[in-house]
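Dear colleague,

Please find below the structure that I am handing over to you, together with its sequence. My findings follow it.

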Amino acid sequence: MAYSEKVIDHYENPRNVGSFDKNDPSVVTGMVGAPACGDVMKLQLRIDDNGIIEDAKFKTYGCGSAIASSSLVTEWVKGKTVAEALAIKNTDIAEELALPPVKIHCSILAEDAIKAALDEYKTKQSK
Ligand code: FES
């Protein structure tokens, strides 16, 4: 199976790898796993008082498509509102990276990671 150029670019030069201090009150974390393959993705977002995503970082233990998907979403979410970030669909990611059908679950992992992080945000807000 051939990876698209965009996948290879993100895989070789992943954007925003790393993590934030999870004790920082403006940081939320989404940690998700793919049942199909066991790959794991951690996405952290730093969200300001106005609900704008200021910064994003990820760590992914997984295939090239999962790494590319998480790298891509860290770029996409920056500067977005929480509602805009929630609107990102795995199909958008798969289309941008030209993922083949067997790699769709890798993009689902990235969508799930955004949702998991923003779930924590909502829980924090309601406190
Ligand atoms: Fe499972 Fe890519 S093969 S996340």
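In which loop does Ala98 lie? The model is a predicted one, and in it Ala98 belongs to the loop between α4 and α5. Although Ala98 is not a glycine, its phi is positive, at about 55°. Ala98 counts as partly exposed, since 13 C-beta neighbours lie inside 10 Å, and a residue is called buried only if 20 or more are found there.

Asn16 is found in the loop between α1 (5–12) and β1. With 17 other C-beta atoms within 10 Å, Asn16 is partly exposed.

The largest nonpolar core consists of 31 residues, and Leu43, Leu45, Ile114 and Ala117 have the most contacts inside it. At least two residues of this core come from each of β1 (27–33), β2 (40–47), β3 (53–61), α2 (64–77), α3 (82–86), α4 (90–97) and α5 (104–125). The greatest contribution is that of α5, which gives nine residues. As for Leu45, its contacts beyond the neighbours within four places in sequence are Val28, Ile53, Ala56, Val77 and Ala117.

One helix pair remains to be reported. Two packed helices are described by the angle between their axes and the distance between the axes. For α2 and α5, the angle is about 40° and the axes are 8 Å apart. That angle makes α2 oblique to α5, and the crossing of the two helices, α2 and α5, is right-handed. Where they meet, α2 brings Ser65, Ala66, Ser69, Ser70, Val73 and Val77, while α5 brings Cys106, Ser107, Leu109, Ala110, Ala113 and Ile114. Of these residues, Val77 is also a contact of Leu45, and Ile114 is among the residues with the most contacts inside the largest nonpolar core.

With kind regards

Conventions. Residues numbered from 1 in each chain as written. Predicted model: local features only at pLDDT ≥ 70, side-chain atom pairs only at ≥ 80, totals over all residues. Core = buried A, V, L, I, M, F, W, Y, C linked by C-beta atoms within 7 Å. Buried ≥ 20, exposed ≤ 12 C-beta atoms within 10 Å, placed from the backbone. Helix = DSSP H or I, 4+ residues; strand = E, 2+ residues; numbered from the N terminus. Contact = placed C-beta atoms within 7 Å. Axes fitted to C-alpha atoms, helices over the stretch in contact; angles between N-to-C directions. Parallel < 35°, antiparallel > 145°, perpendicular 65-115°, else oblique. Left-handed = near helix turned anticlockwise from the far one by under 90°.
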